[in-house]
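Me: I'm new to this one and would like to go through it step by step. Could you take a look with me?

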Amino acid sequence: MAVAKQKKGLFSFDLETGLAIALLILMLVAPLILTDFRLNLMGRFLALAIVALGIDLIWGYTGLLSLGHGVFFTLGGYALGMHLKLIQIPPDAAVKLPEFMGLYGVTELPWFWQPFFSLPFTFIAIMAIPAIAGGILGYLVFRNRIRGVYFSILTQAATIVFFNFFNGQQKLINGTNGLTNFGEFLGAQVTQAGPQRVAYGVTVVLLIVAYGLCRLLVAGRFGRLLIAIRDDEARLRFTGYDPTGFKVLVFAVSAALAGVAGALFTIQSGIVSPKSMDIAFSIEMVIWVAVGGRGTLLGAIIGALLVNYAKSLLSEQLPEVWLFFQGALFLGVVMALPAGLVGTLKTEGMMLLRRLRGQGPIPLMTYPKIAQDPDIVAEREALEREDEA
Amino acid sequence: MIPASASSVADSSGAIAPSEKILEIDQVTVSFDGFLALNNLNFSLAPGELRVIIGPNGAGKTTFLDTITGKVQPTQGTVRFKGRNLRGLPEHKISRMGIGRKFQTPRVYLNLTVRENLELSCFPHKGVFSSLFSPRTPAERRTVPALLETVGLTSRAELPAALLSHGEKQRLEIGMLVAQSPDLLLVDEPAAGLTDEETYALGELLQSLADSHALVVIEHDMEFVRQIARQVTVLHQGSVLFEGSMDDVQSDPRVIEVYLGNAPSITEEQMRVLRVVAAVAWCDGSLAPAEEAIALERLSGLFATDSLQKDELKGELRDYLMTHVSLESAIAALGDRDLREQVLALSYEVVRASDPRDRDASINEREAYTYGQLIELLGLPPEVVQRIEGEVDARLMK
């Protein structure tokens, strides 16, 4: 049993590392072979993969289906967008305001814009604002033991509230149009190819950091507690744990990841607007994770990349087909591969590999009790002796 | 093998004086929109006591556990654990005070391995941040293998709990409970869905746990209750109907009424006679049809005044006859000498029931032994015994 177990452990380790290494190579080689436009696209998808990691953390591991991560994504995007709008004001300007405010007759910079002059504050805010928003929402919801589908509906309702609020605030944040036409950032024009390559590099690094953080979280006791919350929250409560704190923390972490992703996406797409708080976008995030495989982390990244590539390819060729395709993809995955691509590979991969190598099926592992039962051991030894004789 | 219950919880909240009750429930009423699930319930439990709670469906057994563990707040009355009022405390705080609960259906974390299940329950620091990065504690490393051994799951330690059989899950959940090192264990119908063998092993496990924990077990399976019970509390319509030993419980007319739907029409004294006869008839492990027929015929003839009533009585008596009782306690409850002589005559006849013509053939070893025990316990003079046996033989020969 121990030997068999080890082999299996080694294999799943191999599969995951193998996939991770393949992804890493892909990300490193991409700048050498892709055009600037394609590289920028890939950078955006990698940013989206960071949100997918956050979704996997709360949905795949903890079992909380959030349909409102678009909010946190957008909050992160706005945090960076506001900084970019502020630093492009010419130093000799008479009124120190982002250009759109003038159109609406604003004369004084709103108070909450002030701290975004500072770059360190902006970096912290990109993570902290979504995390705090998620933490507060999470605390209110989880403390009142709102779970399952009610939680999902609530997050969706929150998304609509934020969407409408951001849409209506022309004077404060340029309403529906969002923040765009960014200028310089850290001494370079953000829209140019060179800085975009840097942005791609930063995205890759942050994706690796985010992946490492998530791995660290789920590897130890904390990760097992998240799974325990998903499996049986009431049982956990009667064991002496208060699930509220765990859920709030993991929701806040996941919101912070969404914020980082939003900021990275904003700088690479050159715009942040309330459109990313559209409910459809939040649902798309869930689809990426479902396609890649829940509770695998790597699956979330792969799902986000695959689905978004499919989306961009299809929308370029046949723009009207994409939504049908996405629906069909989701249905197909749910029915044929409920564990997602990586999840299925993990369970079926070994058999597939052996079949490809022509090694035949995996030897059956019996239930340990039966294999270790002294009577059965004796019987088996007797049979073996007979065979030899 | 069982980790001592002297937990950090107990230490921090002060030792319990031996005379003090670990659990006191005082006049508790739980009302769900006017329906009284518990009605003025009083209950108390001493440290280290094993108490079985029985009662028909809807008696409030599970609500009783819900109230102790904080899942349901009492509408009126107080629940005290180690002298502390539990009102308003959430489940996890009550659990940390030293109350562990096992649910009716096994509830374990299916996607974690058996070992991980136990580790989570055993880990003493249950806050968010202490769970984040603190390494495995030495206590964990020592306790978990011992627990695996206790619940007999050592060979399954690395399997996901989802792959365990029903009985193994039940045992794992009990192991998780013990891992919390509580002072009070609440166990809801542990024997449900288990084979006889598993049930017996579970009974042994619970009894060994009772050495170091206070235990409340809710159960329906009377065989199982008999195996483990020292004191039994009968709940009915949300209040305590009766408290006492298993034998007392089974002969109490109110309990019988609650379980069988109508009050016994025979007196308590007659019930005691019936108990002894039942004990003798059951002594070889089975109730032969001939034994049953004789017992019913004679008993109903003895208790009834007319033939119509006799027929009605037979049906009722059959139900009572179906339960096991211990001979000693049944005889100890018998009163005067007339009754003892009646019992002897009946028992002798039942023992000889299968083949009345042959005096020795049907009396197997077990029956003979029990019969000898009966004579000894009844304490009748030998000449009386001989006379009664002679009378019965004479009647059977006719």
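Me: Is the crossing of α2(A) and α8(A) left-handed or right-handed?

Reply: Bearing in mind that this is a predicted model, the crossing of α2(A) and α8(A) is left-handed. The two helices, α2 with residues 36–61 and α8 with residues 193–219 of chain A, have axes that come within 9 Å and cross at roughly 20°.

Me: And what does that angle make them?

Reply: Angles under 35 degrees count as roughly parallel, and therefore α2(A) and α8(A) are roughly parallel to each other.

Me: What classes of residue are in the contact of α2(A) with α8(A)?

Reply: The contact of α2(A) with α8(A) has 19 nonpolar residues, together with four polar and three charged ones.

Me: Stepping back, how many helices and strands does chain A have?

Reply: Chain A has 17 helices and four strands, and 46% of its 389 residues count as buried. If one takes the contacts in chain A between residues at least 6 apart in sequence, 79% of them join residues at least 24 apart.

Me: Where does a helix of chain A meet a helix of chain B? I'm thinking of α9(A) and α4(B).

Reply: The axes of α9 (residues 221–231) of chain A and α4 (residues 114–122) of chain B come within 11 Å and cross at roughly 100°, which makes α9(A) roughly perpendicular to α4(B). On the α9(A) side the contact is made by A:Arg221, A:Arg224, A:Leu225 and A:Ala228, and on the α4(B) side by B:Glu116, B:Glu119 and B:Leu120. Sorted by class, the residues of this contact are three nonpolar and four charged, with no polar ones.

Me: Is α9(A) mostly covered or mostly open?

Reply: Mostly covered, since nine of the 11 residues of α9(A) are buried. Among them are A:Arg221, A:Arg224, A:Leu225 and A:Ala228, and these four residues also take part in the contact with α4(B).

Me: Switching to chain B, in what order do the strands of the open sheet come?

Reply: Four strands of chain B form an open sheet in the order β2-β1-β4-β5, and the pairing is antiparallel. The edges are taken by β2 (35–45) and β5 (84–85), each of which has a single partner strand, so one side of each is left without a neighbour in the sheet.

Me: How many bridges join β1(B) to β2(B)?

Reply: Seven bridges join β1 (residues 23–32) of chain B to β2(B), and the two strands run antiparallel. Within this pairing, B:Val28 stands opposite B:Leu41 of β2(B). The helix α2(B) packs on the sheet, where it touches β1, β2 and β4 (76–81) of chain B, and its direction makes about 115° with that of β1(B).

Me: Back in chain B, is B:Gly60 buried or exposed?

Reply: B:Gly60 has a relative accessible area of 10%, and is therefore buried. B:Gly60 lies in the loop between β3 (50–54) and α2 (61–69) of chain B. Leaving aside residues up to four places away in sequence, B:Gly60 touches B:Ala37, B:Leu38 and B:Leu235. The C-alpha atoms of B:Gly60 and B:Val30, which are 30 residues apart along the chain, are separated by 9.5 Å.

Me: And which way do β3(B) and β9(B) run?

Reply: They run parallel, and four bridges join β3(B) to β9 (residues 231–236) of chain B; in β9(B), B:Val234 is the bridge partner of B:Ile54. By contrast, β9(B) and β10 (residues 239–244) of chain B run antiparallel and are joined by five bridges, with B:Val232 standing opposite B:Gly244 of β10(B). These two strands, β9(B) and β10(B), form a hairpin with two residues between them, and B:Gln237 in the turn has a positive phi of about 50°.

Note on methods
Residues numbered from 1 in each chain as written. Chains lettered and ligands numbered in written order. Predicted model: local features only at pLDDT ≥ 70, side-chain atom pairs only at ≥ 80, totals over all residues. Heavy atoms only, no water. Axes fitted to C-alpha atoms, helices over the stretch in contact; angles between N-to-C directions. Parallel < 35°, antiparallel > 145°, perpendicular 65-115°, else oblique. Contact = heavy atoms within 4.5 Å. Nonpolar A, V, L, I, M, F, W, Y, C, P; charged D, E, K, R; others polar. Buried < 20%, exposed > 50% of the residue type's maximum accessible area, 1.4 Å probe, protein only. Pairing = 2+ DSSP bridges. Left-handed = near helix turned anticlockwise from the far one by under 90°.
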